[in-house]
Amino acid sequence: MTADSPWAQVKIYSSSFLFVFSFAAIASVGSAKAPEIYSSLSLPSWAPNPSLFGPVWACLYFSIAIALGTFIGRSNWRMHPLIASLFVGQLFLNAAWSWFFFFAENVLLALWDITILNLLVFLLLLLLFTRGFRFCAFLMVPYFCWIFFALLLTHSIWLNIPAVL
């Protein structure tokens, strides 16, 4: 169902924001110990300052919500079940990363999670672009760049964990 009326668009975008930011809230709860854990890690010199994470993620979630709302509003999303599933799946894996990394303190599981997340988002970008949702794909590119950077950072952290004998 496409959004023909302004009221329909308001409902679609409001629902998209609520949906996306509910995953952000779940990730935030899993990140409750993030400041103490992040400061205790052996980080590479290129690791970002922790004060960047909040503003960057707020912008990225905003962009994801706009992309999702645009996709739903400009298509019959039921005709694109793989794209819809990838939107949901990547949000789930995104939120799970915080729980694996900060709550469970399992860097290897977080590394697997973010590797799969990168693959899903790459596939999502590819499908959005090739199926005519180029604006949605454009909105998701900064997110993909950030999670790819996060993959490299998570891998670097995993490599620097001292071996337990």
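Biologist: In which helix is the place of Ser15?
Modeller: Happy to start there: this is a predicted model, where local features need pLDDT of at least 70 and side-chain atom pairs count only at pLDDT 80 or more, while totals for chains, interfaces and linings use all residues. Residues are numbered from 1 along each chain as its sequence is written, and side-chain values use heavy atoms, with hydrogens and water left out. Helices are DSSP runs (H or I, at least four residues; strands are E, at least two), numbered from the N terminus. On that basis Ser15 sits in helix H1.

Biologist: Does Ser15 count as buried, partly exposed or exposed?
Modeller: Buried means under 20% relative accessible area, exposed over 50%, and partly exposed in between, with a 1.4 Å probe and protein chains only. The relative accessibility of Ser15 is 46%, so the residue counts as partly exposed.

Biologist: At what angle do the axes of H1 and H3 cross?
Modeller: The axes are lines fitted to C-alpha atoms, for helices over the stretch in contact, and angles run from 0 to 180 degrees between N-to-C directions. The H1 and H3 axes come within 8 Å. They cross at roughly 145°.

Biologist: What is the handedness of the crossing of H1 and H3?
Modeller: A crossing is left-handed if the near helix is turned anticlockwise from the far one by less than a right angle, and right-handed if clockwise. For H1 and H3 the crossing is right-handed.

Biologist: How many nonpolar residues are in the contact of H1 with H3?
Modeller: Contact means heavy atoms within 4.5 Å, and the residues that meet include Phe17 and Val20 in H1 and Ile64 and Leu68 in H3. Ala, Val, Leu, Ile, Met, Phe, Trp, Tyr, Cys and Pro count as nonpolar, Asp, Glu, Lys and Arg as charged, and the others, Gly among them, as polar. Here four residues are polar and none is charged, and the nonpolar number is 17.

Biologist: Is H3 roughly parallel or roughly antiparallel to H4?
Modeller: The axes of H3 and H4 come within 11 Å and cross at roughly 160°. Angles under 35 degrees count as roughly parallel, over 145 as roughly antiparallel, 65 to 115 as roughly perpendicular and the rest as oblique. The H3 and H4 angle therefore makes this pair roughly antiparallel.

Biologist: And is H4 roughly parallel or roughly antiparallel to H6?
Modeller: H4 (residues 81-103) and H6 (residues 134-159) have axes that come within 13 Å and cross at roughly 30°. That angle makes H4, relative to H6, roughly parallel.

Biologist: Which residues in H6 do those of H4 meet?
Modeller: H4 passes H6 in a left-handed crossing. On the H4 side the residues are Phe87, Gln90, Asn94, Trp97 and Phe101. On the H6 side they are Met140, Tyr143, Thr154 and Ile157.

Biologist: How far apart are the end C-alpha atoms of H5?
Modeller: The expected span of a helix is 1.5 Å times one less than its number of residues. The 24 residues of H5 should therefore span 34 Å, which agrees with the distance in the model, 34 Å.

Biologist: What do the buried residues of H5 pack against?
Modeller: The buried set includes Leu117, Val121, Leu124 and Leu128. The buried residues of H5 pack against H3, H4 and H6.

Biologist: Which value is phi of Glu105 near?
Modeller: Most residues other than glycine have a negative phi. Glu105 lies in the loop between H4 and H5. Its phi is positive, near 55°.
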